[in-house]
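This report describes selected features of the structure shown below.

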Amino acid sequence: MAISDTDFERLRDFIYTICGMYFHSSKKFFLESRLVRRMEATGAKTCSDYYQLLKSMRGAEELKYLMDEITTNETYFFRNVPQLNALETKLLPEIVEVKNKMGFRKLRIWSAASSSGEEAYTLAMILLEKRTTLLKDWIIEIVGTDINETVIAQAKQGIYNAYSVRNIPEMYKRKYIREENGSFILSPDVKKFVTFSKLNLYDDSKMIFMKTFDVIFCANVLIYFDTASKSKVVQHFYNNLQPYGYFFVGQSESLHGVNDKFKTVHFPGGFTYKK
Amino acid sequence: MDRNALMEKARLMVAQIDDLPTIPAVATQVLQLLDQPDVEIEAVADLMLSDPVMTARVLKLINSPVFKPEHEITSLKMALVYMGLSHIREVALTTSLIEAFGDDTGALRLNAFWEHSFGVGMVSKIIARNVGYKDLEKAYISGIIHDIGEVLLSTYMLEPFGTLLASIKNRPTRLVDAEIMQLGTSHCEIGFCMARKWNFPAAYCEVIARHHAPAGAPLEPVLCAIVNLADLFCCVRGLDYGGQEWISFNLQEEEAWQILKKLAPHLEEMDIERFCYELDDAINDITALVTSLFGAKRPPEA
């Protein structure tokens, strides 16, 4: 089924306003294929019918199903390369300079909603590479949290499939990944820098203790929250960052209208939020 | 560094080049004619017809996928009527620049250069509309020509410029700063000297000279600020000379943003994130435009 440009734009605007996620026009074809499944499941005959359903009383529930269809839950190593480049090229040296001046040689990074650990371990590999240069004699702490205990167990185990590791640059793969019977096993050298624990981002009593992070990543989670919860959670992230810290959301996500304290800092292929 | 010293160095550099491309006199005359009130299309057509190369280019452009006429347009006057007076200025200028800079032997890939230039033109027009700047076409053209100085560096200073590009690869150094450091001048001053030689209108010369330092521009600081921001946004959304320059910026710290916010306070509420994502969507249009103008595909990555 092909949807008209008008229908596509209407749906895109709706998803953007409610979820804070932008659908690029290059993904129109993808959206169409996923939309068909939801239209069949709900009995909506036309795109307009489906749009009306999203706007109705039952809309919030249906939107969750649609978002599940259009956001793939699978994650993988080195997923958002522009963000990683920005961290390496600019943000990390900048943070290190500030902390060096204070004589505080400890780096703390939080992968919020860490799932099976790919993002946290990607960061660990990148930082590990700088142990002899920029981060010589630094303490590195990477914290991964998720609400789901099954994925936390997977993360702690550190064993991945071919899909997860396909984007790892060869240099890192040679050093930190060992293949065994079709599984890819992460080196203990990387694992020792990361701790994983269970955390519900809605839980205020726990969130206030996640302190003094230099960088926080929270990709593809806030899109599921309603505006009020989103504001509350983002305010926690803001409070939990060091004054010179940065907050990253997923590709195509937006915090516009959610928090007016963060400043956008742009770099090739993306942007980050600065405290 | 002292602005005068940068300009003097640029002047010497431009003066030393014997075979600097020329812009057809007709193009400059067309621009001047279009600046007059109540100009007639016939008068513009007569003037353009005196340059057969430009006439051919205009017809090629009008029949390209960019304008998509239903039937092939074969006369210049029809072409001008079809595209409208506001587009003629742009077409006269760009066809001449393409003529002058059609040689893809420089350190920068020609298509990447034009994609950036047309991208900045398009984004300048969007920002101009947003802040209520009256002459959208002027903003568009300013964006297209802002970096002409780079072409000279890329073509005539092949070796030092290649070394310079290599030195900033994947580093957070802005190209203009590296140029001043390593060459003692920048594409802004060089472009200004070229534009003066070609008798470009003063406002365009100023944009070329001041698009990285809009605050002190004597004639049109707002126009310079518009192009400055458009340039920054293009550099972070894929229209970045094929990744030659790695830049980052905090919008709140940019003087251009402050200039424009003074003029249009509602910018404070602008959805910058969405603006960026919409620019991503527009990149295809830009690459299609450049491909149709040059009739060539993007060469493979080196």
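## Basis of the description

Helices (H or I, at least four residues) and strands (E, at least two) are DSSP runs, numbered from the N terminus. The model is predicted: local features need pLDDT of at least 70, side-chain atom pairs count only at pLDDT 80 or more, and totals for chains, interfaces and linings use all residues. Residues are numbered from 1 along each chain as its sequence is written, while chains are lettered from A and ligands numbered from 1 in the order in which they are written.

## Loop residues with positive phi

Most residues other than glycine have a negative phi. B:Asn199, in the loop between helix 12 (187-197) and helix 13 (202-210) of chain B, has a positive phi of about 60 degrees although it is not a glycine. With 14 other C-beta atoms within 10 Å, B:Asn199 is partly exposed; a residue is buried if 20 or more other C-beta atoms, placed from the backbone, lie within 10 Å of its own, exposed if 12 or fewer, and partly exposed in between.

B:Asp38, also not a glycine, has a positive phi of about 55 degrees. The loop that holds B:Asp38 lies between helix 2 (25-34) and helix 3 (41-49) of chain B. B:Asp38 counts as exposed because it has 4 C-beta neighbours inside 10 Å.

## Packing of helices 7 and 14 in chain B

Helix 7 (residues 110-131) and helix 14 (residues 221-236) of chain B pack with their axes 8 Å apart, at an angle of about 125 degrees. Axes are lines fitted to C-alpha atoms, for helices over the stretch in contact, and angles run from 0 to 180 degrees between N-to-C directions. Helix 7 of chain B is therefore oblique to helix 14 of chain B (under 35 degrees is roughly parallel, over 145 roughly antiparallel, 65 to 115 roughly perpendicular and the rest oblique).

Residues are in contact if their C-beta atoms, placed from the backbone, lie within 7 Å. From helix 7 of chain B, the residues that meet helix 14 of chain B include B:His116, B:Val123 and B:Ile127; their partners in helix 14 include B:Ile226, B:Asp231 and B:Phe233.

## Contact between chains A and B

Chain A gives 18 residues to the contact and chain B gives 20 residues. On the side of chain A, two or more residues come from each of helix 5 (81-102), strand 9 (263-267) and strand 10 (270-274). Strand 9 of chain A supplies the largest share, five residues.

Strand 9 of chain A runs antiparallel to strand 1 (residues 249-250) of chain B, and two bridges join them; strands pair if DSSP finds at least two bridges between them. A:Val265 stands opposite B:Asn250 in strand 1 of chain B.

Conventions:
Two residues are in contact if their C-beta atoms, placed from the backbone, lie within 7 Å.
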